[in-house]
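Subject: Structure handover and notes

Dear colleague,

Please find below the sequence and structure that I promised to pass on, followed by my notes on what was found.

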Amino acid sequence: QVQLVESGGGLVQPGGSLRLSCVASGGFFSTFAMGWYRQAPGKQRELVARISTSGNRNYVDSVKGRFTISRDNAKKTVYLQMNRLKPEDTAVYYCRVENSEFWGQGTQVTVSS
């Protein structure tokens, strides 16, 4: 059983930055590909960024050049650095062990002036 706990969300002005963290417990974190997803009101959940066990990264086009996913296997943590935030980035952000049923509880990100 793997448990994931996200933190770092909040209210930020357009153009600002936030860093999300997701700490895992249970399982062998270094063997997991990890993903960050988001779900805005009235919209489907979408994959934002993914990082493989070897550190390869993929991003949805709308966040390329602004968001960076990273991982620290010693801390069993995956991060999402979000820069130049836009109102359309407003959503609940979730981390997930890829290709599994293990999700975090989500953290709210609101971008508004």
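In these notes, contact means that heavy atoms lie within 4.5 Å. This is a predicted model, in which local features need pLDDT of at least 70 and side-chain atom pairs count only at pLDDT 80 or more, while totals for chains, interfaces and linings use all residues. Residues are numbered from 1 along each chain as its sequence is written, and side-chain values use heavy atoms, with hydrogens and water left out.

To begin with the chain as a whole, the protein chain has 0 helices and 10 strands, where helices (H or I, at least four residues) and strands (E, at least two) are DSSP runs numbered from the N terminus. Its radius of gyration is 13 Å, close to the 13 Å that the globule rule gives for 113 residues, so the protein chain is as compact as a globular protein of that length; the radius is taken over C-alpha atoms, and the rule is 2.2 Å times the number of residues to the power 0.38. Along the principal axes, the C-alpha trace spans about 40 × 25 × 20 Å.

Of the 113 residues in the protein chain, 42% are buried, a term that stands for under 20% relative accessible area, with exposed over 50% and partly exposed in between (1.4 Å probe, protein chains only). The protein chain exposes about 6,000 Å², of which carbon and sulfur atoms supply 47%; these areas come from the Shrake-Rupley method with a 1.4 Å probe, and for residues only the protein chains shown count as cover. Among contacts between residues at least 6 apart in sequence, 53% join residues at least 24 apart.

The strands are arranged in sheets, and two strands are taken to pair if DSSP finds at least two bridges between them.

Another open sheet has 6 strands in the order S2-S10-S9-S4-S5-S6, and its pairing is mixed. Here S2 (10-12) and S6 (57-59) are the edge strands, each pairing on one side only, and the twist averages 25 degrees from one strand to the next. S4 (residues 34-39) and S5 (residues 46-51) run antiparallel and are joined by 5 bridges, Arg-38 standing opposite Glu-46.

Leaving aside neighbours within four places in sequence, Thr-107 is in contact with Glu-6, Ser-7, Gly-8, Gly-9, Leu-20, Ala-91, Val-92 and Tyr-93. A polar atom of the Thr-107 side chain lies 3.2 Å from the backbone nitrogen of Gly-9.

Definitions and conventions. Axes are lines fitted to C-alpha atoms, for helices over the stretch in contact, and angles run from 0 to 180 degrees between N-to-C directions. A polar contact is a pair of N or O atoms within 3.5 Å; within protein, one must be able to donate a hydrogen and the other to accept it, and residues adjacent in sequence count only if both atoms are side-chain atoms.
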